[in-house]
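Please keep the sequence at hand for the residue numbers.

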Amino acid sequence: MANPALQLTGEVHVAVADQLYDDLALALAGAASDAVKARQAFHLALSGGSTPEPFYERLVLDPRYRTLPWEQTHLWIVDDRRVPEDDERSNWRMIRHTLVDHVPIRRRNCHPMPTTIDDPAGAYAEEMSRLFESLDAARGLSLLDGSPIPRMDFILLGMGDDAHTASLFPHSDALRETERWIANNDGKHVARPARVTMTFPLLNAARQLAVLVIGEKKRATLQRIDEQLRTGGPDVDALPITGVQPADGELTWYLDEAAAGL
Ligand code: 6PG
């Protein structure tokens, strides 16, 4: 169901949560199949937080999604906390336990962020660059606005009550990143512990982005975004998620009825 009453930065899709997971899974499966057909690999980037957990469980348990091309999938992490990977605050830990441990993805195609080294962002960007450059020309780094940048095939994002997405918090330094693909984000505007995050240049280069938002407690934030977009346009500093606007891709918001205010 579309909700024309809510203006966001992309297409808005509203359904009850159970249906929403299926709709999202279908979009993901479509993107995976297109990517494998066109480039023989599927680059997927997933978020942490509590919202996507039931969705990851659905991907594992529902027989309809067993055909996802896990063996051709590269799994990237949208953002993480700078904690060891067995810390319960680690996004990679949650994604590993709910999804990775249960699907036939190759371990070498899983790319957790190296959260405990000195410069995780630099190392992660290098890993990405190495991998994309090693692919043949058709599958390698794409040129977007003249600069080479990896294009994720599908990125799943969430949204915090303060309108942050990934670990791009209101007024934080990483919001201003215009060149680097990954940033270490810390300081007084960042919810502790310090973070590593994909930046807008990388997010906005994606072929498909989905934002999954569930629950009544996110409703007021969606309404603030709607009002800001209608009256003044995107305000990346105060409402970071309004900076997610793919240059040459598609963005769909997946909202349950409670979040959408229906
Ligand atoms: C994280 C995320 C973050 C998340 C939002 C929403 O590590 O927490 O990647 O951007 O998507 O904070 O979190 P909830 O789903 O828990 O509300």
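In this predicted model, the largest pocket is lined by 20 residues, and those that lie nearest its centre are Gly48, Gly49, Ser50, Met159 and His164.

**Pocket and ligand shell**

- Sorted by class, the lining of the largest pocket is made up of five nonpolar, 10 polar and five charged residues.
- The shell around the ligand, sorted in the same way, has two nonpolar, 10 polar and three charged residues.
- Of the 15 residues around the ligand, the ones that come nearest are Thr51, Asp79, Asn91, Ala166 and Lys218.

**Polar contacts of the ligand**

- Ser50, one of the residues nearest the centre of the largest pocket, also has a polar backbone atom 2.8 Å from an oxygen atom of the ligand.
- His164, likewise among the residues nearest the pocket centre, places an N or O atom of its side chain 2.8 Å from an oxygen atom of the ligand.
- Ala166, which is among the residues that come nearest to the ligand, has a backbone N or O atom that lies 2.6 Å from an oxygen atom of the ligand.
- Taken alone, the ligand exposes 410 Å², and the protein buries 89% of that area.

**Backbone geometry in the loops**

- Which peptide bond is cis, with omega near -5°? It is the bond that runs from Arg192 to Pro193, and Pro193 is found in the loop between β9 (182–185) and β10 (195–198).
- Ala163 has a phi near 70°, which is a positive value in a residue other than glycine, and this alanine is found in the loop between β8 (154–157) and β9.

Key:
Residues are numbered from 1 along each chain as its sequence is written. This is a predicted model: local features need pLDDT of at least 70, side-chain atom pairs count only at pLDDT 80 or more; totals for chains, interfaces and linings use all residues. Side-chain values use heavy atoms; hydrogens and water are left out. A residue is near a molecule or strand if one of its heavy atoms lies within 4 Å of it. A polar contact is a pair of N or O atoms within 3.5 Å; within protein, one must be able to donate a hydrogen and the other to accept it, and residues adjacent in sequence count only if both atoms are side-chain atoms. Accessible areas come from the Shrake-Rupley method with a 1.4 Å probe; for residues, only the protein chains shown count as cover. Ala, Val, Leu, Ile, Met, Phe, Trp, Tyr, Cys and Pro count as nonpolar, Asp, Glu, Lys and Arg as charged, and the others, Gly among them, as polar. On a 1 Å grid over the protein atoms alone, a cavity is a set of points where a 1.4 Å probe fits but cannot get out, and a pocket is an open set with protein on both sides within 12 Å along at least five of seven lines; lining residues have an atom within 4 Å of a point. Helices (H or I, at least four residues) and strands (E, at least two) are DSSP runs, numbered from the N terminus.
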